[in-house]
Protein chains: 2
Amino acid sequence: MRRFIVIGHEAHTSPDFSLEDIPGTSGRIDVLARCAATSFLLSHGIRKDAELYLVLCGPSSPPKTIRMVGAELKHLNPDERSTTALFLKALRINSIAESNSTPGIYISGMSFERLLGQLQGPFVLLKEDGEDLSKSRIPKDPVFVLSDHLDFREEEEKALMVHDPLVLSLGPRSLHADQCITIVHNELDRREAS
Amino acid sequence: MRRFIVIGHEAHTSPDFSLEDIPGTSGRIDVLARCAATSFLLSHGIRKDAELYLVLCGPSSPPKTIRMVGAELKHLNPDERSTTALFLKALRINSIAESNSTPGIYISGMSFERLLGQLQGPFVLLKEDGEDLSKSRIPKDPVFVLSDHLDFREEEEKALMVHDPLVLSLGPRSLHADQCITIVHNELDRREAS
């Protein structure tokens with residue numbers, strides 16, 4: 001199993017944004033939609049061995065965590081708009097306990113810190129100054145932790161450090177979260193095949 | 001310089017589609033918009049050493065080629081809608097000769113075959129059964145050739161084979177074109193850094 005956590009620092013937690021202007025009205029949920037696409041979509045099919053946790057921290061009722069389960073997902077399309085429409089549907093459910101909104105998509109009031117405690121790890125923090133992923137041992141069933149277009153906050157790094165994560169780098173350039181997920185999958189695909 | 005060609009087999013060549021439903025009305029120009037994002041966008045900045053050629057083959061006046069030049073691009077955002085709006089603007093120009101629509105974006109009536117002749121190569125065809133990219137010599141100033149969500153047509157492969165391309169694979173899974181571009185960039189970034 002490959003798991004990814006992406007923190008959406010300003011991502012709206014209420015279904016108050018417009019599909020006609022996702023970047024401008026949702027607190028950059030477009031970033032999270034692209035992460036969903038690269039987490040799950042192959043050219044023909046869905047990665048059933050992946051799970052994605054999107055931690056939404058924006059207005060008006062943070063935190064919310066959207067959990068996406070590859071083995072259960074149906075009809076995930078690669079475009080941002082249709083994926084964001086699935087998130088909108090999830091955000092219309094107002095419950096602290098986890099609820100299912102559409103096949104393979106769940107929402108809860110889980111915080112980042114509590115999510116870390118629940119998943120237990122082993123966590124991998126992707127940062128520019130980490131050890132090179134391609135030369136590193138990657139633990140079984142890793143949980144990769146990424147940030148959206150904004151840097152991790154101090155308290156988030158602190159919460160993660162409690163769990164003693166591996167800190168890995170994907171190369172010399174600083175990339176978008178969805179690009180990082182693509183590269184991690186490719187590295188793991190190659191290792192599994194060889 | 002890193003160059004990418006992506007063929008949009010059904011991508012509309014007239015500005016007749018809706019930004020409210022890009023996948024459903026444009027012949028999958030959303031695929032090309034995602035390729036533009038991964039061709040050029042870093043976490044903070046634009047890849048100035050990249051060029052992207054999108055060959056549009058759909059209705060109603062094929063072929064059209066949109067050329068994007070990293071060194072000249074301004075205001076390219078990562079979301080599909082704003083990039084597709086730039087393509088719409090380019091498609092409103094009706095000229096066989098190349099014309100500039102917005103900074104770094106050009107459009108012409110160039111066909112895939114003529115484009116290959118103009119670029120000269122060295123071409124790299126990305127296919128599942130190729131040699132592993134990570135273990136291959138990559139020529140200087142490569143031109144990577146990709147297809148959208150549809151397979152290359154026989155006449156396209158034939159036109160490319162005239163130019164004796166390298167045939168490389170990116171790993172064991174079949175990926176989307178935008179994901180392939182991310183992986184190619186990462187491999188070249190690593191090589192340049194080491």
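Student: Before we get to volumes, what counts as a cavity here?
Tutor: A cavity is a set of grid points where a 1.4 Å probe fits but cannot get out, and its volume is the space filled by probe spheres set on those points. Please keep in mind that this is a predicted model.

Student: OK, how many cavities of 30 Å³ or more turn up?
Tutor: Searching the whole structure gives 4 cavities of 30 Å³ or more, and the largest cavity holds about 180 Å³ of space.

Student: Which residues lie nearest the centre of that largest one?
Tutor: Its lining comprises 19 residues, and those nearest the centre are A:R34, A:T38 and A:D178 from chain A, along with B:R34 and B:D178 from chain B.

Student: And which elements supply at least two residues of that lining?
Tutor: In chain A these are α2 (29–40) and α6 (177–193), and in chain B they are likewise α2 (29–40) and α6 (177–193), with α2(A) giving the most, namely 4 residues.

Student: How does the lining of the largest cavity split by class?
Tutor: There are 7 nonpolar, 6 polar and 6 charged residues in that lining.

Student: Switching over, what's the volume of the second largest cavity?
Tutor: The second largest cavity has about 130 Å³, and 13 residues line it, of which A:L19, A:I22, A:R81, B:I22 and B:R81 are nearest its centre. Two or more lining residues come from each of α1 (22–25) and α3 (80–91) in chain A, and from each of α1 (22–25) and α3 (80–91) in chain B.

Student: How many of its lining residues are charged?
Tutor: The lining of the second largest cavity has 7 charged residues, together with 6 nonpolar and no polar ones.

How values were computed
Residues are numbered from 1 along each chain as its sequence is written. Chains are lettered from A and ligands numbered from 1 in the order in which they are written. This is a predicted model: local features need pLDDT of at least 70, side-chain atom pairs count only at pLDDT 80 or more; totals for chains, interfaces and linings use all residues. Side-chain values use heavy atoms; hydrogens and water are left out. On a 1 Å grid over the protein atoms alone, a cavity is a set of points where a 1.4 Å probe fits but cannot get out, and a pocket is an open set with protein on both sides within 12 Å along at least five of seven lines; lining residues have an atom within 4 Å of a point. Ala, Val, Leu, Ile, Met, Phe, Trp, Tyr, Cys and Pro count as nonpolar, Asp, Glu, Lys and Arg as charged, and the others, Gly among them, as polar.
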